[in-house]
Amino acid sequence: MIDFHIYIIIMEPHIEPVDLIGMVPVAAHMDRRKGEGSMVSATKLLWEENLRRAGYIPRPAEVAALASGAGKFLVEGLPGTGKTFLAEVYARITSATYIYHMCHSWSSDQEFFLGIHVPSVVRGDADNVESPGVLALVARAAENGPVVVCIDELDKAPEAVENLLLGWLQDGEVPVCPGRSIRTNMKNVTVFITSNGMRTVSDALQRRCRRLFIEPHPQDVLGEILAGSAAAGVIKMAIKVMAEVAEKDGATPSLQEMKNFLHEVEGASCVADVRQALAGWAARGTSGREFALHGKPRYLDPLWGEIRKI
């Protein structure tokens with residue numbers, strides 16, 4: 001049996017129902033927008049401001065999805081576009097308990113409902129043989145307050161896992177043994193299910209969720225996010241040259257890859273060092289790697305020029 005890990009972050013609940021993170025009363029936003037729009041517009045404004053304050057630069061799609069008030073989200077997009085980070089930030093904004101679970105090709109009902117903790121069996125520790133699955137943990141946490149659960153990269157898991165989720169999304173029932181189940185207080189639960197598009201998520205699961213597709217940020221927004229990671233000129237040229245190289249493999253560099261690349265080229269002593277960093281962080285296949293190491297990326301020399309100014 002393969003062990004698995006669930007990470008939980010506990011956050012303090014709100015004391016007063018002001019704004020989404022207790023910063024600005026809703027009435028203040030309504031006064032500001034008086035005569036300009038509806039409560040929906042004000043709610044969107046709240047989400048946009050609070051996402052930014054929490055360190056997440058939102059696109060219109062995320063703001064619209066969160067303002068919809070849905071409790072279940074299917075978030076799709078390329079790796080590195082911020083799908084998991086959105087769930088983390090949502091939990092922070094709403095002061096909810098955050099429960100995270102990464103899916104794998106071997107994911108099964110034991111990970112989601114109730115399994116056996118092998119080390120306890122080996123030790124003969126009868127009291128800790130049962131290992132609660134992620135949905136059992138959500139059900140228990142929801143008894144005490146709001147919970148945000150992120151089921152990450154569902155597209156990696158077997159399709160049978162989706163069938164396990166369907167019933168829970170519908171009625172909150174978590175079977176823990178034959179004839180016994182835990183009922184989840186779904187009013188206290190917000191669900192984020194993410195997918196990188198390795199396979200199509202079932203139509204039945206899609207119908208139960210508010211669907212959200214996250215596009216990669218444009219280059220000017222990436223520059224805003226990366227500000228402070230390096231000199232402004234280095235960041236600007238790095239974004240452009242990484243996009244050039246990644247495009248050769250039909251890919252888009254993630255934000256984390258960009259941060260790692262910037263960190264590595266800080267110590268570059270020649271253009272060859274920059275090329276190696278490009279091959280290591282921007283290329284995803286043979287075409288990108290060959291282009292990074294031996295090709296003529298348009299923004300390579302401008303990037304090296306900015307690095308030499310440091």
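Start by selecting E153, which is buried, with a relative accessible area of 13%; buried means under 20% relative accessible area, exposed over 50% and partly exposed in between, with a 1.4 Å probe and protein chains only. This is a predicted model, in which local features need pLDDT of at least 70 and side-chain atom pairs count only at pLDDT 80 or more, while totals for chains, interfaces and linings use all residues. Residues are numbered from 1 along each chain as its sequence is written, and side-chain values use heavy atoms, with hydrogens and water left out.

Helices (H or I, at least four residues) and strands (E, at least two) are DSSP runs, numbered from the N terminus. The phi angle of E153 is near 55°, a positive value in a residue other than glycine.

Next, select S95. The loop between α4 (83-93) and β3 (97-102) holds S95. Here too phi is positive in a residue other than glycine, with S95 near 55°. S95 is buried, at a relative accessible area of 15%.

Last, select A65, in helix α3 (residues 60-67). How buried is A65? Its relative accessible area is 0%. To see what lies around A65, show F73, R210 and L212: A65 touches these residues, leaving aside those up to four places away in sequence. Contact means heavy atoms within 4.5 Å.
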